[in-house]
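Please read this note with the sequence and the model side by side. The points below are numbered so that each may be checked in turn.

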Amino acid sequence: LRLSRVLNVLGLPQQISHQEDTIQRYEEAIDELKANRNELEAESSTLRTTVKQKDETLKFVEEEVTKLQRMFQEKEKTITRENQAALEEKDAVIRHGEETLEGARKEVESLRVELRVAREEAQARQTELENEQSRVRQTEEEMRLLLRTMEEQKKTADVRMKKLSAAFQRLQKECL
């Protein structure tokens, strides 16, 4: 009892209880820190994975950008070559066009002369044609007159034939 009194006096049970509480708090804190560490490690792993994926994506994008730059440089070279070729072709076409134009001018002048001669010939032929048409009209008029005469003769012949036929039929009846 004495010892318990002395201990009570000294406050050892309280100190022990207090230390046990402290130990328990430390253990809880340790457990909480372990849980936090596990969460942080999981989060860190997730972040590392995300960073790795983003690094891979950036690397892919950089490679694609490099490819596109090379492609655009090649395209630019091709377009430059094509433009140069097109300019040279344009110059050649212009020279050819000028030569063709000069030839065409000479041909037009020649055609003008031919046209003037052709018009003169056409005028002469037109006069000749008008004379021929006049003769044709005169011949047509004569033919119409001839056809009317023949038509009248035909009518007269038809009338005579009918009379003859009627007379012949009468004769036949009388003979029979």
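1. With which residue does Arg105 form a salt bridge, and how far apart are the closest N and O atoms? The partner of Arg105 is Glu102, and the closest N and O atoms are 3.6 Å apart. A salt bridge here is a side-chain nitrogen of Lys or Arg within 4 Å of a carboxyl oxygen of Asp or Glu. Both residues, Arg105 and Glu102, belong to helix α2 and are 3 residues apart, about one turn of the helix.

2. Some remarks on the source are needed before going further. This is a predicted model, in which local features need pLDDT of at least 70 and side-chain atom pairs count only at pLDDT 80 or more, while totals for chains, interfaces and linings use all residues. Residues are numbered from 1 along each chain as its sequence is written, and side-chain values use heavy atoms, with hydrogens and water left out.

3. The overall form may be considered next. The protein has 2 helices and 0 strands; helices (H or I, at least four residues) and strands (E, at least two) are DSSP runs, numbered from the N terminus. Helix α2 covers residues 12-175. Along the principal axes, the C-alpha atoms fill a box of roughly 200 × 80 × 25 Å. The radius of gyration of the protein is 65 Å, whereas a compact globule of 176 residues would have a value near 16 Å. This radius is taken over C-alpha atoms, and the globule rule is 2.2 Å times the number of residues to the power 0.38.

4. Two pairs of residues illustrate distances within the model. Lys67 and Phe168 are 101 residues apart along the chain, and their C-alpha atoms are separated by 118 Å. Glu98 and Leu115 are 17 residues apart along the chain, with 25 Å between their C-alpha atoms. Both Lys67 and Glu98 are found in helix α2.

5. How much of the protein is buried? Of the 176 residues, 1% count as buried. The term buried means under 20% relative accessible area, exposed means over 50%, and partly exposed lies in between (1.4 Å probe, protein chains only). Thr22, in helix α2, counts as buried because its relative accessibility is 19%. Lys67 is partly exposed because its relative accessible area is 47%, and Glu98 counts as exposed because its value is 51%. The protein exposes about 16900 Å², of which carbon and sulfur atoms supply 56%. Accessible areas come from the Shrake-Rupley method with a 1.4 Å probe; for residues, only the protein chains shown count as cover.

6. The side chain of Thr22 also takes part in a polar contact of 2.9 Å with the side chain of Arg25. A polar contact is a pair of N or O atoms within 3.5 Å; within protein, one must be able to donate a hydrogen and the other to accept it, and residues adjacent in sequence count only if both atoms are side-chain atoms.

7. Another joins the side chains of Glu109 and Arg112 at 3.6 Å, N to O. In helix α2, Glu109 and Arg112 are 3 residues apart, about one turn of the helix. Glu102 counts as partly exposed because its relative accessibility is 37%, and Glu109 is partly exposed at 42%.

8. Glu141 forms a salt bridge with Arg144, the closest N and O atoms being 3.1 Å apart. Glu141 is partly exposed at 43% relative accessibility, and Arg144 is partly exposed at 41%. Salt bridges that share partners join Glu140, Glu141 and Arg144 into one network.

9. Which residues make the nonpolar surface patch of about 400 Å²? Met143, Leu146, Leu147 and Met150 make this patch. Patches are made of residues with over 30% relative accessible area and no salt bridge: like charges are joined within 9 Å, and nonpolar side chains (Val, Leu, Ile, Met, Phe, Trp, Tyr) within 5 Å. Leu147, which lies in helix α2, counts as exposed because its relative accessibility is 55%.
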